Amino acid sequence: MKVLFVASEAYPLIKTGGLGDVAGSLPPALQDLGHDVRLLLPAYRDVLERVRGRIQTRARLGLQDGPVAVLETTLPGTSLPVWLVDAPAWFDRPGNPYLDPQGRPWPDNAQRFAGLARTAVAIAQDRAGLQWRPDLVHTNDWQTGLIPALLSLENDRPRQIFTIHNLAYQGLFPMETFRELGLPVFLQSMHGLEFHGQLSFIKGGLVFADHITTVSPTYAREIQTPEYGCGLEGVLQARSRDLSGILNGIDTETWNPATDPHLPCRYDAHSLERRGKNKGRLQRDCGLHVTDRPTLVGMVGRLVEQKGIDVVLEALPRLLQWPLQFVILGSGEHRYEAALEALAARHRHRMAVHIGYDEGLAHRIEGAADVFLMPSRFEPCGLNQMYSLRYGAVPVVRATGGLADTVVDATPDHTIAGTADGFTFTPLSVEAVLHALDRAHCSRRSRSLWRGLQRTGMAQDFSWARSAREYSALYARLLGRSEAA
Ligand code: ADP
């Protein structure tokens, strides 16, 4: 199958979040399955600098909003062809792809991503002079939302998938933008791109793609409810037959406890006792009491409301009376950072807080903590719980989104069946967090139960190859083909 994969970021060329990981990992994994995949990205200044010396111009287009060149390179470390939309007026800027140096959205974001969309349509319809026509166009998040809308105007067009990585970001612009972009008038309705009097880019994907995916099956269901739908639940309900979830993969080479260079002591599912050394080292390095008895609880992530950090802060004064220790790594809203640091200062031997981004420490926490806590309000997929499962740090998570799809609660039934690998809770409340951590702490007393949870988690397949096989099957279904490749 020929697949044009369009995104506004892709690791390692440019990344601000989870979308970058997916766009840098899924296309090469699809290529490994035998598909002919091309990745289309904006030629941001940082991207051009990264690929300097290994780039060539493949096409020049005269779009209605200006001239564009299509440059060709490959994704570093792979043979995946990457096409870059080179339009200096839109993309030759330093830093973040979406925000100016003051952290505000670039004022011409609508024009920039409309330009990406028009280039994608020209390529998809083989009007760009590249002599290549995809069977399927896979678009991602609001920055690519106009592509399904504009392609829907074409008679003979490829099939289209739109993936939602986080519904909270929608690409909303004042209605005048509609005219400024010269979009067809009939798209300007509530059945098209209008959303409460504004122009919504994401609606282009939600309304016009042949199929919509999200990054976990549970999030696909949740976003059809008012609690998680960000006002788009009605649109998504109307598309429920064409909406499904496929879990992201993780980088199983970077996140492998048997080879991880960040760990003082490497281990696998058959040498889990070696984790004890990592626990001791982390306790010592963090100034905690060095003893195996307390349950060491790890947390890594953005310190924002989405991650339920406010609830953790409310629960901590009680949790710190229990035989638990905490190591928390993250950065985010100042009020949460300050509150965590103040609490740690009062409980130096029980709680350590590191504000900042520290890849090595994130690995050492996964390799040492008994339990990994993730009480998210919502979680489209989540990576940390998958790292934890792979590292034998038993996850304690709120059963939402991707967390619900990856962690199996240690109920008696699941434990007997050998499927349990963590602890889940549903209400987002202090009591629920306390109860779940209490269950985890008490379960550590049974060594066989605990080892069973760890080994079940470590045996799961979170590879990109698995995700790619699911996308491949979906592509085949959309194209009415039985063969995936
Ligand atoms: P989200 O994408 O919502 O922030 P995820 O769990 O999906 O949450 O992924 C977060 C990624 O960023 C993980 O790879 C996690 O380990 C990493 N991460 C987040 N904060 C930090 C930090 N302070 N230090 C190191 N790694 C971090």
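How many residues does helix H12 have, and how far does the helix reach from its first C-alpha to its last? The legends below start with that helix.

The model is predicted, so local features need pLDDT of at least 70 and side-chain atom pairs count only at pLDDT 80 or more, while totals for chains, interfaces and linings use all residues. Residues are numbered from 1 along each chain as its sequence is written, and side-chain values use heavy atoms, with hydrogens and water left out.

**View A. Helix H12, residues 334-346.** H12 has 13 residues and reaches 19 Å from its first C-alpha to its last, close to the 18 Å expected at 1.5 Å a residue (1.5 Å times one less than the number of residues). Helices (H or I, at least four residues) and strands (E, at least two) are DSSP runs, numbered from the N terminus. Tyr-336, Glu-337, Leu-340, Leu-343 and Ala-344 of H12 are buried. Seen down the axis of H12, these buried residues fall within an arc of 135°, so they line one face of the helix; the arc is that of the directions from the helix axis to the C-beta atoms. Buried means under 20% relative accessible area, exposed over 50%, and partly exposed in between (1.4 Å probe, protein chains only).

**View C. The shell around the ligand.** The ligand is surrounded by 16 residues, the closest being Arg-302, Lys-307, Gly-356, Asp-358 and Leu-383 (a heavy atom within 4 Å). E13, E14 and helix H14 (384-391) each supply at least two residues of this shell, and E13 gives the most, with 3 residues.

**View E. Backbone at Pro-12 and Gln-131.** The peptide bond from Tyr-11 to Pro-12 is cis, with omega near 5°. Pro-12 lies in the loop between strand E1 (2-6) and helix H1 (18-32). Gln-131 has a positive phi, near 55°.
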